[in-house]
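Look over the model before reading on.

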Amino acid sequence: MKDEDVVDLLRHYRHDWMNELQLIMGYAQMGKLDKVQKKIEDSVERAVSERSLQNMPLPKTVLWLTQFNWRFDNFQLTNTINISEALTVNDFELYDRLERIMVHFTKYCMKTEMYHGTINVQQLNNEQLKIQLTFSGIFEKSHELKNKIEHSDELLNVEIEKSQHDHEIFTVTWISE
């Protein structure tokens, strides 16, 4: 990673935290202490989640996930990381698979839609992770998207579920080795 990229990453990171602090200050100035408390609780929860992410022994994947919400304008991702011991998972393969999946999602997304998602990373043993990536929203040609993702990698399992307001929930699951 180039120096400029590191500075840009830190700039985005600081910007997000400043937004959080400004919201807390605004609520405090309006006397809405219940909202202040909720926002602080959310911020602590976010920091704990980020710590779990940053403690993963997969630097390329950690960096990709850290930059995700800034790189993909109409996608927002939260994470749940459950890793408790040493890993021998191929970091580049995991990063590359995530990047290829997002190529498909960005090709079939609607530019005016905001997609909310989660990534769950669960350690199965010291050589395997179960990854589950989920996005909710309205996708163009959703069955074609499903086929493209599944045919791009035989390890990927894709499920589509309908939810309210014509939204679809795409879940991509695989076991990394």
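This is a predicted model: local features need pLDDT of at least 70, side-chain atom pairs count only at pLDDT 80 or more; totals for chains, interfaces and linings use all residues.

Residues are numbered from 1 along each chain as its sequence is written, and side-chain values use heavy atoms, with hydrogens and water left out.

Q: How many aromatic pairs does the structure hold?
A: Rings of Phe, Tyr and Trp (its six-membered ring) pair if their centres lie within 6.5 Å; planes under 30 degrees apart count as stacked, over 60 as edge-to-face and the rest as tilted. By that rule the total is 13.

Q: Which class does the pair of F105 and F139 fall into, stacked, edge-to-face or tilted?
A: The ring centres of F105 and F139 are 5.5 Å apart. Their planes make an angle of 50°, so the pair is tilted.

Q: Is F139 buried or exposed?
A: Buried means under 20% relative accessible area, exposed over 50%, partly exposed in between (1.4 Å probe, protein chains only). The relative accessible area of F139 is 6%, so F139 is buried.

Q: Which ring does the charged end of R46 sit over?
A: A charge sits over a ring if NZ of Lys or CZ of Arg is within 6 Å of the ring centre and within 35 degrees of the ring normal. For R46 the distance to the centre is 4.3 Å, and the ring belongs to W17.

Q: How does D42 count by relative accessibility?
A: D42 has a relative accessibility of 28%. Therefore D42 counts as partly exposed.
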